[in-house]
Amino acid sequence: KLCHIHLNPEYVVKNMTTKTLLQEKSSIRIIFWICIAEILTMQGVFTFSSMLPFFLTEWKLDSVDAGWISGIYYGSYMISVMILVSLTDWIDVKKIYITGVLITLVSCVGFALFVEGFWSAMMFRILGGIGLAGTYMPGLKALTDRLSGTSRIRATSFYTASFGAGTALSFLIGGSILEWFPWETAFWFAGLCSLLALLIVAIVLENRPNNVGERSGLRSLDFRPVLRNKNAMGWIACYSTHNYELFAFRSWIVVYLTFALSGVSGGFNIQPSVIVFFGVLLSMTSSIIGNELSMRYGRTRTVVAIMCVSAVLAVVIGNSIGNSTPLLIILVLVYGCFITADSASITTGAIESSAEDNLGVTMAVHSSIGFIGSFLGPIGFGMVLNSFGGHNSSEAWLWAFSSTGFVLIIGPLILLFLQNLSNKK
């Protein structure tokens, strides 16, 4: 009798269409809420940078001290992400994410309650970096585990763009709160956002232990397959110099604009953190556009072109002090867009270069080595500033931005070299 079962083609097509629509709806739901959680957990990341001109005076910091407080956040991220993201190949990513959000919550509340100067700020910034390591890349891993095909690629660009949205709000809220309330209020707000993110992740992400068979936690910490993968390491090198530029820029841009706009006569009064807010919002779009361009014209060609233009713009920005306010703002906004235009493309390049069973480890190495640049960027920028006269010297800003452009170019050169070696094999 089974041989005579009649399958209605229209019913089959309709059933398959319904199933596809449900899968798409589920994918959109996960992408949306994980991106919202990412924005919320980002609120404490750039709060210090948005208030840096205030802290330079309040705590009597020099450029090197300020660079260390900014950079140590990414230094602790760099160390802890290697372990935390690698373990997502072994244990449920939801547990790691919730742990990261809790640490982020403690770092924000602790900064508001206990920080009084350089050393106490360093301690809670270190905690914040660990919290970011437990949320940023694990959040991306949660998406890539649940998606496939073009939706997986585009989810990466939307997720990295949500990093930009969180950055924008962190700058805006930090700078705005300082005008009306004590500086601690911004960190209390960031702590509340972390609590909301915790609730979202607990509800949206189902408990889903990774299916890795006999794989052990120690094997999850074996980085050798990634280090031998020349294609992946080329993208990781690009990510490192990209982060050097990105976090040097975002750590110091409020101070730069405060100095540059203070010497402009006949201009209009605008808060630097508001400029940065709109700049970061624009950069979200540029990251998505950059990823779409790389899908159309080739990832390597697009990334190399964007990074070369960005290096040139770094020198232009450093030499722009004294220009009119509108021109200066336009240049900063354009430069910010080029800084982030390669972000999603670089991360996608590393993911696509990875074997499926080593994806978590690849993302861990990608984040850890990549954030060496994030750690060194604010510090290196501050050291160059100090060497040429400090943050109140036009010449110092020229050399600091120019040095950033020089470091940036190293990434695409390494990428092309390693891809050439890989192709010869």
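Reader: Which residues do ring pairs link into a cluster?
Author: The cluster joined by ring pairs holds F46, Y73, Y74, Y77, F171, Y239, F247 and F371. Rings of Phe, Tyr and Trp (its six-membered ring) pair if their centres lie within 6.5 Å; planes under 30 degrees apart count as stacked, over 60 as edge-to-face and the rest as tilted.

Reader: What should I know about the model and the numbering?
Author: This is a predicted model, where local features need pLDDT of at least 70 and side-chain atom pairs count only at pLDDT 80 or more, while totals for chains, interfaces and linings use all residues. Residues are numbered from 1 along each chain as its sequence is written, and side-chain values use heavy atoms, with hydrogens and water left out.

Reader: OK, how many helices and strands in the protein chain?
Author: There are 18 helices and 0 strands. Those are DSSP runs, numbered from the N terminus: helices are H or I with at least four residues, strands are E with at least two.

Reader: And what percentage of the 425 residues is buried?
Author: Buried residues come to 57% of the 425. Buried is under 20% relative accessible area, exposed is over 50%, and partly exposed is in between (1.4 Å probe, protein chains only).

Reader: Back to the rings. How many aromatic pairs are there?
Author: The count is 33 aromatic pairs. Among them, Y256 and W397 pair edge-to-face, 5.3 Å centre to centre with 70° between the planes. That pair links distant parts of the chain, with Y256 in helix α12 (residues 230–262) and W397 in helix α18 (residues 394–424), 141 residues apart. Y256 and W397 are both buried.

Reader: What about Y335 and F401, how are those rings arranged?
Author: Y335 and F401 are edge-to-face too, at 6.4 Å centre to centre and 70° between the planes. Y335 sits in helix α15 (residues 325–341) and F401 in helix α18, so this pair ties together parts 66 residues apart in sequence. Y335 counts as buried because its relative accessibility is 0%, and F401 counts as buried because its value is 2%.

Reader: Which residues have the most contacts inside the largest nonpolar core?
Author: W59, F111, Y256, L257 and W397 have the most contacts inside that core, which has 111 residues. Its largest share, 16 residues, comes from α12. A nonpolar core here is a set of buried Ala, Val, Leu, Ile, Met, Phe, Trp, Tyr and Cys residues joined through side-chain atoms within 4.5 Å.

Reader: Y256 again! What does Y256 touch?
Author: Not counting residues up to four places away in sequence, Y256 touches I317, S320, I321, L328, V332, W397 and F401. Contact means heavy atoms within 4.5 Å.

Reader: Switching topic: how many salt bridges does the structure hold?
Author: It holds 1 salt bridge, meaning a side-chain nitrogen of Lys or Arg within 4 Å of a carboxyl oxygen of Asp or Glu. The partners are E352 and R299, whose closest N and O atoms are 3.6 Å apart. E352 is in helix α16 (residues 343–352) and R299 in helix α14 (residues 299–318), so the pair ties together parts 53 residues apart in sequence.

Reader: Is R299 buried or exposed?
Author: R299 is buried, because its relative accessible area is 12%. E352 is partly exposed, with 47%.

Reader: And S368, where is that found?
Author: S368 is in helix α17 (residues 359–387). With 7% relative accessibility, S368 counts as buried. Leaving aside neighbours within four places in sequence, S368 is in contact with M78, V81 and M82. The C-alpha atoms of S368 and M82 are separated by 5.5 Å, though these residues are 286 apart along the chain.
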